[in-house]
Amino acid sequence: MANIRKSFNFRNGVQVDNNNFIVDPNGLVGIGTSTPTEAIDALGNAKISGLTTTSTLGVAQTANFYNDLKAGSINIDPVSGIVTATKFVGDASGLTGIVAISTTGFIAEGVGIHTFKSVGIGTTNPEYYLQVGENPASGVGVGITDGGIVASGVITATTFVGNLTGNITGSVTGVAASTTKLETARDFSISGDVEASTISFDGTSNVSFASTLTSSFSANTSGIITASKFAGPTESATSTITTGTITNANITNADVGIGTFDDLRIDKAAGASLVVTSTTNSSVSIGESVGAGNSSAQLLYTPGTGRLDINNYDVGGVVINLHEGTGTGTTEGFIVKYDNNKQFEVTYDGKVGVNRSGATLAENFEVGGSARITQNARIAGVLTVNQGGPNEITLGDGSNLPISETQNFNVVSGISTFNKLNVGNNLSVGSSITSGTTAYFGGKVGIGTTNDHIFKTGPTALVGHVQGSIWANQGFYTAGKIILTDETDGSSYVDDRVIPNDFSPIVPFVDYGDFQIKSGGSSLFTENLLIVPSVGEVVSGVGTTNGSLIPTSFLTGGSKYLTKVGINTYAARSLFDVGAASTTMNSYFIPPSLSQSDIDLVRVLHETPTALGYTQSRKVTPDGIVPGAIVHNQTTNTIQVGASTNTFRNLSPVVAFGTIVSGAISTPADGYNLNAPANSTNDANFSFSTALQSADYTVIVSNTGTSTFTVPEVNKTTAGFRITFSSSAASKSYSVMILQV
């Protein structure tokens with residue numbers, strides 16, 4: 001009989017039990033409390049299975065999310081624990097699995113580097129531990145493995161130390177320190193102007209020649225005659241000999257080997273030589289002041305030091321002119337050798353080489369080996385280091401930096417790796433930066449900006465700024481604030497009310513806290529949102545012993561402070577405070593709404609193992625329906641509250657009401673569709689279209705102007721009830737009220 005118009009007016013409100021449900025005379029609704037102070041004042045938990053829409057959600061303490069959480073472009077997956085974001089900024093010391101260099105490359109140690117792989121120079125496929133060029137067994141190159149050296153060419157060295165085994169081919173020079181005997185003995189003999197007996201020599205003993213001048217000896221010889229004394233004519237004379245001419249010679253004091261010549265010329269067809277010997281220093285002086293004066297120069301050999309000096313006693317320099325004449329042909333250079341190896345060279349066309357023996361100079365200055373400059377070095381052109389080899393570097397090619405903008409320190413792989421890089425001033429990177437371990441920044445960090453002018457000024461000590469979106473795929477943790485604000489300076493919101501001093505004891509301070517979100521709309525996609533005041537204490541519940549938590553302050557002797565939630569209010573005055581309403585919108589609270597058949601499934605869900613959702617129900621409500629639970633019954637259009645562990649009852653005790661005139665209902669009944677009575681003599685039989693347990697309701701009958709009585713239990717059933725009168729029920733006029741208990 002839902003289509004029958006009805007109206008109830010309770011002047012002083014409605015109360016169910018002591019504090020299960022109450023509507024006070026001011027229209028305030030209390031659930032779990034007998035003294036409501038708000039439009040809806042609920043003491044206990046609130047469970048809402050549908051969508052809850054709020055204009056502002058404030059979380060004063062910790063918020064737990066058990067499904068995906070999305071905030072802008074940030075997504076948190078609670079199952080995998082993955083947080084996805086476009087960028088990540090902050091301490092990455094815990095990140096693993098990031099490799100910034102080749103895992104088979106060189107390994108840095110305390111005193112250098114090493115590698116467990118082969119090293120190739122001039123080859124991409126080394127077949128020895130160290131290989132230069134090709135495999136020496138099949139091409140031109142050198143290979144070293146396990147201490148052995150294999151070379152396809154000639155090995156040249158100033159000194160060989162150690163035993164030589166096997167065959168040696170080619171020329172061998174130097175000192176054989178351990179040779180004691182020749183395999184085949186050889187004979188020594190002397191012929192010519194000096195003669196001696198033939199002597200056999202096998203290397204086991206010294207050789208001594210007893211020689212004499214032959215009877216045919218003549219001073220007319222092409223060789224050198226050395227004697228302790230020269231004896232001959234003392235007068236000036238001109239003598240002509242076969243191999244040369246002494247012209248205009250004045251020989252004096254010949255007995256002691258000293259002679260003076262105006263000119264001395266040695267002219268012979270074969271090789272000619274001039275030898276100056278002495279038991280001490282030997283010198284040749286040239287110039288006006290003969291005898292090493294200030295206008296002279298000197299060649300000096302000192303036997304004690306074995307040194308040859310070229311001394312210019314005048315203020316001029318020493319000039320070596322490689323080509324003073326007019327001849328034609330290739331001009332050689334100025335060369336200094338040691339042990340027949342070229343150590344220093346200056347070519348006629350201005351090229352200088354140091355330790356470049358065997359090489360043809362191609363550059364103006366070449367050094368074979370290391371070079372050290374103790375002071376400044378200036379290069380007007382381009383400087384290339386290790387040209388053509390690994391890690392080639394070019395400096396001064398015209399770019400803005402000393403190093404080319406296209407230069408890779410490792411030109412083979414294109415990756416430049418440094419053990420430690422210290423940049424004293426600004427560092428600008430045009431592309432991406434990869435840190436294999438940890439990155440530290442001692443100052444500000446900006447992403448998406450090239451300066452700190454765009455940094456917000458509101459937050460204090462702001463060291464980071466992201467101009468754009470950011471994404472973290474493994475979570476975002478902070479020990480400080482989380483602020484989403486539209487303030488131009490990036491500051492958080494504070495209580496800006498002006499409160500008179502005499503109101504301060506009673507007007508609460510509005511604390512927006514460290515979690516602030518200023519947004520036109522916000523969505524939380526989660527199955528479980530927890531707002532708790534503090535660290536929890538373990539208590540019994542949730543299906544297992546000590547498996548539940550309650551706020552610490554809720555224990556005996558605690559402060560009893562709980563988390564408060566405010567909607568449309570800046571200071572929550574109770575557990576759940578809807579602070580304001582408006583006639584311009586739907587200002588009412590919508591509880592979860594189910595049909596009677598759905599409610600029948602939900603109320604026994606924790607008792608039905610085969611039902612979908614049984615496991616979750618047992619986890620959170622092992623004892624069944626929580627007292628104070630509220631649901632809207634769509635079938636009866638009533639607000640119902642948990643009456644037991646597996647039943648709900650109407651929040652209002654009135655289930656149905658009707659006025660009967662002469663045995664027929666004249667006023668529509670409310671709830672459970674109370675049907676018109678079927679009169680049978682003195683009995684009026686009422687029925688429900690929806691079953692109602694007989695133990696859950698009471699029927700009060702009021703005879704018009706006579707008496708009021710209650711229908712006995714024996715006359716009640718699940719399908720309806722029976723009223724027995726002393727005379728025919730068809731002629732009775734009365735009212736019927738069905739109350740749920």
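Of the 741 residues in the protein, 18% are buried, where buried means under 20% relative accessible area, exposed means over 50%, and partly exposed covers what lies in between, with a 1.4 Å probe and protein chains only. The model is a predicted one, in which local features need pLDDT of at least 70 and side-chain atom pairs count only at pLDDT 80 or more, while totals for chains, interfaces and linings use all residues. Residues are numbered from 1 along each chain as its sequence is written, and side-chain values use heavy atoms, with hydrogens and water left out.

The protein has two helices and 50 strands; helices (H or I, at least four residues) and strands (E, at least two) are DSSP runs, numbered from the N terminus. Among the contacts with a separation of 6 or more, 35% are between residues 24 or more positions apart, a contact being heavy atoms within 4.5 Å.

The confidence of the predictor is given for each residue as pLDDT, from 0 to 100. Its average over the protein is 77, and 76% of the residues score at least 70. Strand β18 (residues 237-240) has the lowest confidence, with a mean of 37, whereas β39 has the highest, at 94. Over residues 228-259 the pLDDT is below 50, and this stretch has 29 contacts in the model beyond near neighbours in sequence. Where pLDDT is low, the predicted coordinates should not be read in detail.

A461 has a phi near 55 degrees and is found in the loop between β30 (445-447) and β31 (464-466), where A461 counts as exposed at 73% relative accessibility. N568 has a phi near 60 degrees and belongs to the loop between β37 (565-567) and β38; at 45% relative accessibility, N568 counts as partly exposed.

In strand β25 (residues 341-346) lies V346, which is partly exposed with a relative accessible area of 25%. Leaving aside neighbours within four places in sequence, V346 is in contact with L322, G333, F334, K351 and V352.

A pair of aromatic rings is described by the distance of the centres and the angle of the planes; here, rings of Phe, Tyr and Trp (its six-membered ring) pair if their centres lie within 6.5 Å, and planes under 30 degrees apart count as stacked, over 60 as edge-to-face and the rest as tilted. A search of the whole structure finds six such pairs. F576 and F589 form an edge-to-face pair, 6.1 Å centre to centre and with 65 degrees between the planes. Because F576 lies in strand β38 (residues 576-578) and F589 in the loop between β38 and β39 (593-594), the pair ties together parts that are 13 residues apart in sequence. F576 is partly exposed at 24% relative accessibility, and F589 is partly exposed with a relative accessible area of 38%.

The rings of F688 and F721 have centres 6.0 Å apart and planes at 50 degrees, so this pair is tilted. F688 lies in the loop between β46 (683-687) and β47 (697-703) and F721 in strand β49 (residues 720-724), so the pair ties together parts that are 33 residues apart in sequence. Both F688 and F721 are buried, and together with F686 and Y697 they form one aromatic cluster. The charged end of K716 sits over the ring of Y697, 4.9 Å from its centre, the criterion being NZ of Lys or CZ of Arg within 6 Å of the ring centre and within 35 degrees of the ring normal.

F686 and F721 also belong to the largest nonpolar core, which has 20 residues, and with V699, I723, Y734, V736 and I738 they touch the most other members. The elements giving two or more residues to this core are β43 (654-661), β46, β47, β49 and β50 (734-740); a nonpolar core is a set of buried Ala, Val, Leu, Ile, Met, Phe, Trp, Tyr and Cys residues joined through side-chain atoms within 4.5 Å. Apart from this core lies another, of six residues, among them I31, A42, V641 and L651.
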